[in-house]
Amino acid sequence: MTKNPRDLRTEAIVLRRTDYGEADRILQLLTPEGKKSVVAKGVRREKSKLAGGIELFSVSEVVIHEGKGELGILTGAKLVEYYDAFVKDIELIEMGGAMMRSVNARAEQIESPEFYRILKQSLQVMQKHAGEESRWKDVLRAWWGINLTRASGEEINLNFDTDGEKLLIDGNYYWDEENAALGKAKSGRIRADHIKMMRLMAAGPAELSMKVQGADDLIDEVLYVARCVEKATKI
């Protein structure tokens, strides 16, 4: 069978589903190739072959026929990973939903394959660590904020302070929101271990941040910085 050049076969995460007409749905999909808006025809009918492949909080293999219009047509969908932890934890639903809404808005304005990578990793971490008593959710929130900022085209400054000097291993710092950098302060609560953790988050996968020793004691300051930089690049 000859492959249709207008067919895109890829992985996808469903960001949003909207009922359309009698049996169709409009889907907002996040893929490694960017955000795709598609129509899933007849998907709400009982015997639809597409229905099982477009679950929320999951990863699917999809085939999208891309025509001349703004909407592609979903011609195939197969569930690859389903994260059932979300069914059991309302906080995870709220956390994952907030991430999806945020990345949905950004992907509308910015083309970046990183959006798919960080959302998929975040969902996998939530599935793996659901039910644990450590502060892993705050660690993930911080990793998300730092990496969402990077995916949006902004690098968090973790090498120089507000005076343009290299950060010192024995220095005390605070986050200067106006200058988007660390400022020196004798009473600053951000120190070398916090900076090291943020650098790890910026450079490594989400799961690696879950393994940082003493993360529960460091996360308050790290999360504050992550939220500041995410807010500063909010669309």
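Here are a few friendly notes on an aromatic pair and a helix in this predicted model.

1. Let's begin with the aromatic rings. Searching the whole structure turns up 1 aromatic pair. Its partners are F57 and F86, and the pair is stacked, with 4.3 Å from centre to centre and 5 degrees between the planes.

2. Where in the chain do F57 and F86 sit? F57 belongs to the loop between β3 (34-40) and β4 (58-65), while F86 is in helix α1 (residues 85-88). The two are 29 residues apart, and the pair links distant parts of the chain.

3. Next, please turn to helix α5 (residues 192-203).

4. Which residues of α5 are buried? They are H194, I195, M197, M198, M201 and A202. Looking down the axis of α5, you will find these buried residues within an arc of 160 degrees, so they line one face of the helix.

5. On the face of α5 turned away from the buried side, you will see the exposed residues K196 and A203.

6. Finally, the surroundings of α5. Its buried residues pack against the helices α4 (136-151), α6 (206-209) and α7 (215-232), and also against the strands β6 (173-176) and β7 (181-184).

Conventions. Residues are numbered from 1 along each chain as its sequence is written. This is a predicted model: local features need pLDDT of at least 70, side-chain atom pairs count only at pLDDT 80 or more; totals for chains, interfaces and linings use all residues. Side-chain values use heavy atoms; hydrogens and water are left out. Rings of Phe, Tyr and Trp (its six-membered ring) pair if their centres lie within 6.5 Å; planes under 30 degrees apart count as stacked, over 60 as edge-to-face and the rest as tilted. Helices (H or I, at least four residues) and strands (E, at least two) are DSSP runs, numbered from the N terminus. Buried means under 20% relative accessible area, exposed over 50%, partly exposed in between (1.4 Å probe, protein chains only). The arc is that of the directions from the helix axis to the C-beta atoms. Contact means heavy atoms within 4.5 Å.
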